[in-house]
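Trainee: Before we look at the labels attached to this structure, I would like to see it.

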Amino acid sequence: MAQAIDASKDRPGDPRNQEVVFPAGRDPQNSNLETPVNSSGLVKWFINNLPAYRPGITDMRRGLEVGMAHGYWVLGPFTKLGPLRDTDVANIAGLISTLGMVAIMTATMALYSASNPPQPVATTTTGGQVPSTFKSPESWNNYISGFLIGGVGGAVFAYFVLTNIAIIKNVFGGLFA
């Protein structure tokens, strides 16, 4: 087996001897690399459909979508793994903790945007397109405002679903059986 592997090193047609990682744009001075993962069609499609890179949406909507997702999924760990998890107030404690976390994330984004962050750069994965959201202070402020509103809304919606899960099961009983 080892001899076969050693012998394959001398054959340029062997797939094991083909290069799969290249500098982005074939420019060796570019610090970004094209790999089979970050330049694949599936990964490019996924990344470019995330709210941060999706073309044609406003700064406020980008922040709103990101905030809703974070507010919604952060509630679960606070509710089910927090110190009050075995009490009657676990859900409300999780909601208050989530709202605090959303406020902290909003404050940290505001501090970051005030620090004059570097301009976003187009990479292999983003396909050369960079949204204008993260290029000006006004755009950052719109994004952060949307994040706060979405985060609070997502947390409240998750709290509502978690608190009323018995009612939701009764209404849609046939679907969850």
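Mentor: We will take a few of the labels and set each against its definition.

Mentor: This is a predicted model, in which local features need pLDDT of at least 70 and side-chain atom pairs count only at pLDDT 80 or more, while totals for chains, interfaces and linings use all residues. Residues are numbered from 1 along each chain as its sequence is written, and side-chain values use heavy atoms, with hydrogens and water left out.

Trainee: Why does T79 count as buried?

Mentor: Buried means under 20% relative accessible area, exposed means over 50%, and partly exposed is in between (1.4 Å probe, protein chains only). T79 has 2% relative accessibility, so it counts as buried. T79 is part of helix 3, residues 59–81; a helix here is a DSSP run of H or I with at least four residues, a strand a run of E with at least two, both numbered from the N terminus.

Trainee: Which residues does T79 touch, not counting those up to four places away in sequence?

Mentor: They are R85, A90, N91, G94 and L162. Contact means heavy atoms within 4.5 Å.

Trainee: Why is N38 called buried?

Mentor: Its relative accessible area is 17%, and therefore N38 is buried. N38 sits in the loop between strand 2 (33–34) and helix 2 (41–48).

Trainee: What does the side chain of N38 reach at 2.8 Å?

Mentor: It reaches the backbone nitrogen of T35. A polar atom of the N38 side chain also lies 2.8 Å from the backbone oxygen of L33. A polar contact is a pair of N or O atoms within 3.5 Å; within protein, one must be able to donate a hydrogen and the other to accept it, and residues adjacent in sequence count only if both atoms are side-chain atoms.

Trainee: How many aromatic pairs does a search of the whole structure find?

Mentor: Five. One of them, Y112 with W140, is edge-to-face, at 5.7 Å centre to centre and 70 degrees between the planes. The pair links distant parts of the chain, with Y112 in helix 4 (residues 90–114) and W140 in helix 5 (residues 137–163), 28 residues apart.

Trainee: What makes a pair edge-to-face?

Mentor: Rings of Phe, Tyr and Trp (its six-membered ring) pair if their centres lie within 6.5 Å; planes under 30 degrees apart count as stacked, over 60 as edge-to-face and the rest as tilted. Y112 and W140, at 5.7 Å and 70 degrees, are edge-to-face.

Trainee: Why are Y112 and W140 labelled as they are for accessibility?

Mentor: Y112 has 41% relative accessibility and so counts as partly exposed, whereas W140 has 9% and so counts as buried.
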